[in-house]
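Colleague: I would be grateful for a close look at one part of this model, followed by an account of how the rest of the architecture is arranged.

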Amino acid sequence: MEKIVSLCKRRGIIFQSSEIYGGINGFWDYGPLGAELKRNLRETWWRAMTRDREDVVGLDATIIMHPAIWKASGHVDTFADLMRECTVSNKRVRADHVEPQTGTAFRWTGATGSNGWKSEKPMSLLGKKGEHVDSIRKAARQHYAAGAAPGAAGKIEEIQLLEETTEPVENSVDFHPETGGALREAVPFNLMLRTFVGPTATEDNVAYLRPETAQAIFAQFKNVVDSSRQKVPFGICQIGKAFRNEVTPRNYTFRSREFEQMELEFFILPDEAVKIMHGSVAKWSEGADLSKPQPNWGWEMWHRYWVAQRTAYYAGIGLGADVLAYHWQTQEELAHYARACVDILFKFPFGTEELEGIAARGNFDLSQHQQHSGKTQEVFDEELRAAANKMDDAAKTAFIAEVSDEWAARALLNQKPEAEARAAAKEFCEKLFKGQYVPHVIEPSAGLDRLALAVLAAAYHEEDKTDVNGKVERRTVLRFHPRVAPVKLGVFPLLKNKPDLVAKAREVYESLKRYLNCFYDETGAIGRRYARQDEAGTPFCVTIDFETLGEKGDELKDTVTLRYRDDGRQERVKISELPGKLFPLVQ
Ligand code: GAP
């Protein structure tokens, strides 16, 4: 990771936000190459999720929305991490981010100073294995001095620690990982960043910076249905900034406080509607054909389909099976409304961690917004109504009984009242018979910054190169997939002091740069220029030489040397053939 972080700074890929003022924890800026990388990733996602499909449309909603949205979605009440505070420094840490520590717990009942100052506050510090007792006592004295009333600290001399006791501890998660101070009990800490809208900063004007892009999609669902001529099953996708006041931002950009999400809400019919229309719901089994959606698919097939689609997307930008893993959430891990959720994980240098989550969320979100806004989120499906009309009364009664048994069983599992579940099931079925329902949803939700980090980690390679004098040099190569590489083509004149070569190279550069992000470079030996582009991850370079000018005969006139980053291969290509050769590789 350290090598990647240092390369990102050196080559202008990622910078610490506000660095000249010491930085701000959990915020990152993208430099010239990073901005291009992110833009390319955004483009590939947008194209795969909507432009290449007929059943997904896009949305671009505001970051600040009506606060009622976050009440309905559950974020105001439950979007919290359990957090623990250090008794010594008041620094917070996420409860599940404290690694077990072994050592000796030192406890003091208080401290006194030679000038009469006194503290009766008990203090506990962990002395880590091998740490000298003097340094722990010194730290304790410093903490006591820092905790004294303003102005007093400087005047306190020769702090005496009172009544020291020690106790061995093993694999304890009760001490702050940095300060060693004992941690208080865990309390929930809401992750939403608050602000005020309008001229007065009162509780009535509180608004939130969105913690996810998904809720805007639900809130605008009806408008999109009414304006886009889409019919369920169909999806709405969005790319945009999200904000979370993460307690412990860490692992570079992996867990940031400001980041970008790329989310799809794919709306589907409830399984019960599919059953009325098609007699049964397709069941998933290993090897099932997921290549083309079918009318009899229920949530399970759609969920599997999106896992396969997203996996194919990652393969298409160079993240294959060797760097990905999957975590299927267990029943205990799932949210109460979710049917299934799989995390697509990437093997980062700091561990195998989540890149994207794909959840089958039932109709929880639209139902919540329907309830809280009082506006119906139901759609009407004529085909469903026609299919239900073909059922006789006995078939309808049997159908209601079957659905009601299923809902009752699920209610019992979630410790919810059975009678309410049965009544809701009946109401739901009767609506279905009229062709009405609140759509269910499959949600593939990915982080753009995490994806950029994954792509960087997968691309990072070091190679030993021997120069003409036999000197071995270690070089860094970013093996980005050409589709996402920030710069696609380096354009070089062989020599910068030959005006004809420079003019021809500029001509090639000008003709291609509108279609490909090109970089023109005339300084240094050709080998150095290749090395610089390898380090930036540029997949192709062309060199304009005397052959290009026709000085070695007509056959090679208007040809260039095309050099491939990954195998160093070089070939002679006509300038006019460059677009045809390169465009398919980068699109
Ligand atoms: N709408 C569902 C949702 O927001 P999530 O698992 O909380 O689900 C989805 O977030 C994705 O957003 C994650 O898989 C991750 O890629 C990205 N993400 C979440 N929190 C992040 C953070 N603090 N920093 C960077 N990316 C984050």
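Which residue in β28 stands opposite Cys541?

Modeller: In this predicted model, the residue opposite Cys541 is Arg563 in β28. The surrounding strands are β27, residues 540-544, and β28, residues 559-564; 4 bridges join them, and they run antiparallel. Strands of a sheet pair through backbone hydrogen bonds, in either a parallel or an antiparallel manner.

β27 and β28 belong to an open sheet of 5 strands with mixed pairing, ordered β26-β25-β27-β28-β29. At its edges stand β26 (518-520) and β29 (570-574); each has a single partner strand, so one side of each is left without a neighbour in the sheet. From one strand to the next, the twist averages 25°. Helix α17, residues 526-536, packs on this sheet and touches β25 (489-493), β26, β27, β28 and β29. The direction of α17 makes about 165° with that of β25.

Another open sheet has 7 strands, again with mixed pairing, in the order β3-β15-β16-β22-β19-β18-β17. Its edge strands are β3 (56-59) and β17 (324-328), each of which pairs on one side only. Here the twist averages 25° from one strand to the next. Helix α10 lies across β16, β17, β18, β19 and β22 (440-447), running at about 140° to β19.

Arg310 pairs with Glu356, and their closest N and O atoms are 2.8 Å apart. Since Arg310 lies in α10 (residues 299-316) and Glu356 in β19 (residues 351-360), the pair ties together parts that are 46 residues apart in sequence. The structure holds 50 salt bridges.

Further antiparallel pairings involve β6, residues 101-108. This strand is joined to β11 (residues 165-172) by 6 bridges, with Gln101 having Ser172 as its bridge partner in β11. β6 also pairs in the antiparallel sense with β9 (residues 123-128) over 6 bridges, and there Trp108 stands opposite Met123.

A hairpin is formed by β23 and β24, with 5 residues between them; Gly470 in its turn has a positive phi of about 80°. These antiparallel strands, residues 460-466 and 472-478, are joined by 7 bridges.

Finally, the ligand is surrounded by 19 residues, the closest being Glu212, Arg244, Ser256, Glu263 and Glu354. A ligand nitrogen atom lies 2.7 Å from a polar side-chain atom of Glu212, and a ligand oxygen atom is 2.8 Å from an N or O atom in the side chain of Arg244. Ser256 contributes a polar backbone atom, 2.8 Å from a nitrogen atom of the ligand. Taken alone, the ligand exposes 550 Å², of which the protein buries 88%.

Key:
Residues are numbered from 1 along each chain as its sequence is written. This is a predicted model: local features need pLDDT of at least 70, side-chain atom pairs count only at pLDDT 80 or more; totals for chains, interfaces and linings use all residues. Side-chain values use heavy atoms; hydrogens and water are left out. Two strands pair if DSSP finds at least two bridges between them. Helices (H or I, at least four residues) and strands (E, at least two) are DSSP runs, numbered from the N terminus. Axes are lines fitted to C-alpha atoms, for helices over the stretch in contact, and angles run from 0 to 180 degrees between N-to-C directions. Contact means heavy atoms within 4.5 Å. A residue is near a molecule or strand if one of its heavy atoms lies within 4 Å of it. A polar contact is a pair of N or O atoms within 3.5 Å; within protein, one must be able to donate a hydrogen and the other to accept it, and residues adjacent in sequence count only if both atoms are side-chain atoms. Accessible areas come from the Shrake-Rupley method with a 1.4 Å probe; for residues, only the protein chains shown count as cover. A salt bridge is a side-chain nitrogen of Lys or Arg within 4 Å of a carboxyl oxygen of Asp or Glu.
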